[in-house]
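Q: Please take a close look at a single part of this structure. I would like one connected account that I can follow step by step.

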Amino acid sequence: MKYYIVIPAHNEQDLIGLTLQSLVSQTVLPAKVVVVNDNSTDKTEEVVLGFAKENPYVSVINKTSDAIHMPGSKVIQAFQKGFETLDSEYDIIVKIDGDLIFPHNYFETIIKHFESDPKVGMAGGFCYIDKNGEWVLENLTDKDHIRGALKAYRKETFQQIGGLRPAMGWDTVDELLCKYYDWKIITDQSLHVKHLKPTGANYNKTARYKQGEAFYTLGYGFWITAIASAKLAMMKKKPFLFLDYIRGFWKAKSAKTPLLVTSEQAKFIRKYRLQKMKEKLI
């Protein structure tokens, strides 16, 4: 199976080289790697061009945008710009961050998951962060969720879910729509990926409310939002974030912010989320 990779990158001169080195060292190489240099003010482009000289399947395109890192919209707009430069001769499309180090067999293993079952729509490994010299699981989500930093989609799945939404919550709505359309999601705990920058390291203060807004736009409704907010705030060990998330939800509701899903999909999502919560209580 042929896979293409798109990497949105903003000021990643110190880390993008490590990511690219891990990609050009894969046991099964990507057919194309596009790095979208998103408004960088450092030498990100130069580092990528260095790899492109030696590896013709690596390329870089430049994008201008706001320097403020808002979760969701900025990164997916950059992804989209890179994706639009690609042809459709791929079997798997991959979105990764520019601060990851992949094990050599990562994509060989991901391909095997897709080949093993035609109903597998998404697959991914797990992010590990450095804590006092030890690589530990970046434990922000459930084990059945693929982190936004390393998403791989079957072409047919990617097309059916309508690509990626340029909004916070994009890396949840993609999986919920996979479930809606009856695709399987595989997470492989044997695949340890080094995440060199902790998630959210560059988010500004207004981003705190974006999580609650995301819960609203996913069609969760208030009670599921409240439970999800409490859980996430506790996982981050910042209980007061719960209040920010709830504020964000009500702000989005009062502003009549458009949902990322149809009303039918929102109904399915609420039912699915409630079912998952009940399973954990039993």
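What follows is a close look at one helix and its surroundings.

A: The model is predicted. The part to look at is helix H6, residues 170-180.

Start with burial. Of the 11 residues of H6, 8 are buried, so the helix is largely enclosed by the rest of the structure. The buried residues are Trp170, Thr172, Val173, Asp174, Glu175, Leu176, Leu177 and Cys178.

Now look at a partner. H6 packs with helix H10, residues 263-281. The angle between them is about 95°, and their axes lie 10 Å apart. Angles of 65 to 115 degrees count as roughly perpendicular, so H6 is roughly perpendicular to H10.

Which residues make this contact? From H6 come Thr172, Leu176, Leu177, Lys179 and Tyr180. From H10 come Glu264, Gln265, Phe268, Ile269, Tyr272 and Arg273. By class, the contact has 6 nonpolar, 2 polar and 3 charged residues.

Stay with H10 for a moment. Two of its contact residues are Phe268 and Tyr272. They sit 4 residues apart in H10, so about one helical turn separates them. The relative accessible area of Phe268 is 25%, which means that this residue is partly exposed.

A search of the whole structure gives 19 of them. In one, the rings of Phe222 and Trp223 have centres 5.1 Å apart and planes at 75°, so the pair is edge-to-face. Phe268 and Tyr272 also form a pair, and theirs is stacked. Their centres are 6.2 Å apart, with 10° between the planes.

Next comes helix H3, residues 73-83. Its buried residues are Lys74, Ile76, Ala78, Phe79, Gly82 and Phe83. They pack against H6, and also against strands S1, S2, S3 and S4 and helix H5. Phe79 and Phe83 belong to an aromatic cluster as well. Over the face of Tyr90 lies Lys155, at 5.3 Å from the ring centre.

Finally, follow the chain past the end of H6. Just after the helix, Asp182 takes a positive phi of about 70°. Then look at Trp183. The charged end of Lys119 sits over its ring, 4.7 Å from the centre.

To recap, H6 is largely enclosed by the rest of the structure. It packs with H10 at about 95°. The buried residues of H3 pack against it too.

How values were computed. Residues are numbered from 1 along each chain as its sequence is written. This is a predicted model: local features need pLDDT of at least 70, side-chain atom pairs count only at pLDDT 80 or more; totals for chains, interfaces and linings use all residues. Side-chain values use heavy atoms; hydrogens and water are left out. Axes are lines fitted to C-alpha atoms, for helices over the stretch in contact, and angles run from 0 to 180 degrees between N-to-C directions. Angles under 35 degrees count as roughly parallel, over 145 as roughly antiparallel, 65 to 115 as roughly perpendicular and the rest as oblique. Contact means heavy atoms within 4.5 Å. Ala, Val, Leu, Ile, Met, Phe, Trp, Tyr, Cys and Pro count as nonpolar, Asp, Glu, Lys and Arg as charged, and the others, Gly among them, as polar. Buried means under 20% relative accessible area, exposed over 50%, partly exposed in between (1.4 Å probe, protein chains only). Rings of Phe, Tyr and Trp (its six-membered ring) pair if their centres lie within 6.5 Å; planes under 30 degrees apart count as stacked, over 60 as edge-to-face and the rest as tilted. A charge sits over a ring if NZ of Lys or CZ of Arg is within 6 Å of the ring centre and within 35 degrees of the ring normal.
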